[in-house]
Amino acid sequence: MPVHIWDSLTQFSVWIEPTLINEWSSLMAGYGLNKQRPFTKVDYLNALRWEDPERSTSKIRKRVNELLTNEGVACCWSGKRLKLSGYAIDHAFPFARWPNNDLWNLLPTKSTINARKSDKLPTGLKLANSRDLIISWWKQGWQNNKTEFFSQANLALPNLKPNNANFDDVFEALALQRDRIKALQQLEDWR
């Protein structure tokens, strides 16, 4: 899909999404009438109900704790070694503005750094300077869980093929998505 169309759809999704969902559910209800067990329009609307995601870092925290007991884990923003008692899990893209708990978006960081970053968006330069640290974390944290990592990344980030299994490609898509979020939402920069 061309970028300008994607950007327009994203910008106007507050109006487009309800219209599409209503039309889709009406269409599905019509198809359902041809089956032995028809579904109602309400059944289809319930199937498409948006669940407000909760901020959750427990899976990543569990993985970091496992790794910290056996090996070192570095802060994805500073490169400093983390300790069991002084780390946080950062949403690279602020959850408050883009609610996403995917493995690629959750990064182990020093608590003090995470507090300073808060709901700011890392600058393109900050992200580029942290590239090796982020990719290193992804490989260390998710080498044994590549299927979930890549399926989440390939669905959520732009320009990734469904069968992508390359951490560098995910980082490039992350950087592209960062630029899009910045352009559309004008988030405060974190340097």
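Which residues does R178 touch, not counting residues up to four places away in sequence? The views below give the answer, after an overview.

**Overview. The predicted protein has nine helices and four strands.** This is a predicted model: local features need pLDDT of at least 70, side-chain atom pairs count only at pLDDT 80 or more, and totals for chains, interfaces and linings use all residues. Residues are numbered from 1 along each chain as its sequence is written, and side-chain values use heavy atoms, with hydrogens and water left out. Helices (H or I, at least four residues) and strands (E, at least two) are DSSP runs, numbered from the N terminus. Along the sequence the pattern reads α-α-α-α-β-β-α-β-α-α-α-α-β. Of the 191 residues, 37% count as buried. Buried means under 20% relative accessible area, exposed over 50%, and partly exposed in between (1.4 Å probe, protein chains only). Contact means heavy atoms within 4.5 Å. Among contacts between residues at least 6 apart in sequence, 64% join residues at least 24 apart.

**View 1. R178 sits in helix α9.** This arginine touches F93, L121, P122, T123, G124, L127 and D189, leaving aside residues up to four places away in sequence. R178 is buried, with a relative accessible area of 6%.

**View 2. Q177 is also placed in helix α9.** Its relative accessible area is 10%, so Q177 is buried. Q177 touches F93, W98, L157 and P158, again not counting residues up to four places away in sequence. The C-alpha atoms of Q177 and N159 are separated by 9.7 Å. Along the chain, these two residues are 18 residues apart.

**View 3. N159 lies in the loop between α8 (146-156) and α9.** Phi of N159 is near 65 degrees. That is a positive value in a residue other than glycine. N159 is exposed, with a relative accessible area of 68%.

**View 4. S118 is found in the loop between α5 (111-117) and β3 (121-122).** Here too phi is positive in a residue other than glycine: the value for S118 is near 50 degrees. S118 has 41% relative accessibility, so it counts as partly exposed.

**View 5. R97 lies in the loop between β1 (87-91) and β2 (106-110).** R97 touches Q185 and L187, not counting residues up to four places away in sequence. R97 and L187 are 90 residues apart in sequence. In space they are 8.4 Å apart, C-alpha to C-alpha. R97 is partly exposed, with a relative accessible area of 41%.

**View 6. Helix α7 (residues 131-142) crosses helix α9 (residues 167-185) at roughly 130 degrees.** The two axes come within 10 Å. Axes are lines fitted to C-alpha atoms, for helices over the stretch in contact, and angles run from 0 to 180 degrees between N-to-C directions. The angle makes α7 oblique to α9. Angles under 35 degrees count as roughly parallel, over 145 as roughly antiparallel, 65 to 115 as roughly perpendicular and the rest as oblique. The crossing of α7 with α9 is right-handed. A crossing is right-handed if the near helix is turned clockwise from the far one by less than a right angle, and left-handed if anticlockwise. From α7, the contact uses R131, I134, I135, W138 and K139. From α9 come F167, D168, V170, F171, E172 and L174. By class, this contact has seven nonpolar, no polar and four charged residues. Ala, Val, Leu, Ile, Met, Phe, Trp, Tyr, Cys and Pro count as nonpolar, Asp, Glu, Lys and Arg as charged, and the others, Gly among them, as polar.

**View 7. Helix α4 (residues 58-70) and α7 cross at roughly 85 degrees.** Their axes come within 10 Å. This makes α4 roughly perpendicular to α7. I60, R63, V64 and L67 in α4 meet W137, Q140, G141 and W142 in α7. The residues of this contact divide into five nonpolar, two polar and one charged.

**View 8. C75 and C76 are both buried.** Each has 0% relative accessibility. A disulfide is a pair of cysteine sulfur atoms within 2.5 Å. By this rule the count comes to zero disulfides.
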